[in-house]
Amino acid sequence: MLATRIRPRRRTAVALATAAVLAGLTAPALTATPATAGTTATAAAYDDAYYDDAAGKSGEALKDALHTIISDQTTLSYSAVWNALKVTDQDPDNSGNVILLYSGVSRSKSLNGGDTGDWNREHVWAKSHGDFGTSTGPGTDIHHLRPTDVKVNSIRGNKDFDNGGSAVANGGGSLTDSDSFEPRDAVKGDVARMIFYMAVRYEGGDGWADLEVNGQVNNGSNPYMGKLAVLKAWHQEDPPDAFERRRNDVIHDSYQHNRNPFIDHPEWVESIW
Ligand SMILES: [Ca+2]
Ligand SMILES: [Ca+2]
């Protein structure tokens, strides 16, 4: 992928330089295109025909159509999630590292584990909310599984999302109080879109709970995640960026073969909720 992108650029640069020399102009300095680390899993842009069956729909009908579309997927085992996250969440500036969701820290891929200083597999939709555990299914759906610092993960625990609280130690600006967690600004929208994905993907089929977004905190083991109004605001404040779009593409191309519709079509959040 990288090679096929670079080659035409080199040819163009050489052609331009040659033309300049032939024209008697000073040839521009030829600079090699730097090989950027972290592009090994560059994904193709998706085809919006993926969403053809949702065309023209809104509200519940849109939600139903998207559910059917995104439920056509491959599933991963929980152990396979480790290596998948090393690709989906790779640091664009250091191919040996992953970016940790809540703290924003770049950490070695090899430090996956359960000890202090390691990163582990955070369920952004806390797995106790619907009690789905880590069997193959919602508990291994990498659309909402992200690398996080072990300690920050344990501070988030199974709290719902809401604004406010005090700073989380080494949390990159994340806040928490007794009943909620507020991620750093740069991933607020990412978190919201992961929650919206889960609510549409899991509608009570295949023996799993029907996950839904609600307006509460303290949802405990009920299959709900709050707070809806706050998540909608975060979705607006922090629209999808290149990292999040690439992640969606990589999951679609290389792992689950399904997409998070709210990264591709942010306007659908307002249509459904
Ligand atoms: Ca973001
Ligand atoms: Ca649902």
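Student: How many bridges join β7 to strand β8 (residues 175-176), and in which sense do these two run?

Tutor: Two bridges join β7 to β8, and the strands run antiparallel. Opposite A167 stands L175 of β8. This is a predicted model: local features need pLDDT of at least 70, side-chain atom pairs count only at pLDDT 80 or more, and totals for chains, interfaces and linings use all residues. Residues are numbered from 1 along each chain as its sequence is written, with chains lettered from A and ligands numbered from 1 in the order written.

Student: What makes β6 and β7 edge strands?

Tutor: The open sheet has the order β6-β9-β8-β7, with mixed pairing. β6 (160-161) and β7 (166-167) each have a single partner strand, so each has one side without a neighbour in the sheet.

Student: How do you know that β1 pairs with β2?

Tutor: Two bridges join β1 (residues 90-91) to β2 (residues 94-99), in the antiparallel sense. A hairpin of two residues links them. D91 stands opposite N94 in β2.

Student: What pairs β2 with β3?

Tutor: Three bridges do, antiparallel again, with β3 at residues 106-108. I99 has S106 of β3 as its bridge partner. Six residues lie between the strands in this hairpin, and G104 there takes a positive phi near 80°.

Student: Why are α5 and α6 called oblique?

Tutor: Their axes cross at roughly 125°. Axes are lines fitted to C-alpha atoms, for helices over the stretch in contact, and angles run from 0 to 180 degrees between N-to-C directions. Under 35 degrees is roughly parallel, over 145 roughly antiparallel, 65 to 115 roughly perpendicular, and the rest oblique. The α5 and α6 pair is therefore oblique.

Student: Which residues make the contact?

Tutor: From α5 (residues 188-201), they are K188, G189, V191, A192, R193 and I195. From α6 (residues 228-237), they are L231, W234, H235 and E237. In contact means C-beta atoms, placed from the backbone, within 7 Å. By class there are five nonpolar, two polar and three charged residues.

Student: What share of the chain is buried?

Tutor: 38% of the 273 residues. Buried requires 20 or more other C-beta atoms within 10 Å of the residue's own (exposed is 12 or fewer, partly exposed in between).

Note on methods. Pairing = 2+ DSSP bridges. Helix = DSSP H or I, 4+ residues; strand = E, 2+ residues; numbered from the N terminus. Contact = placed C-beta atoms within 7 Å. Nonpolar A, V, L, I, M, F, W, Y, C, P; charged D, E, K, R; others polar.
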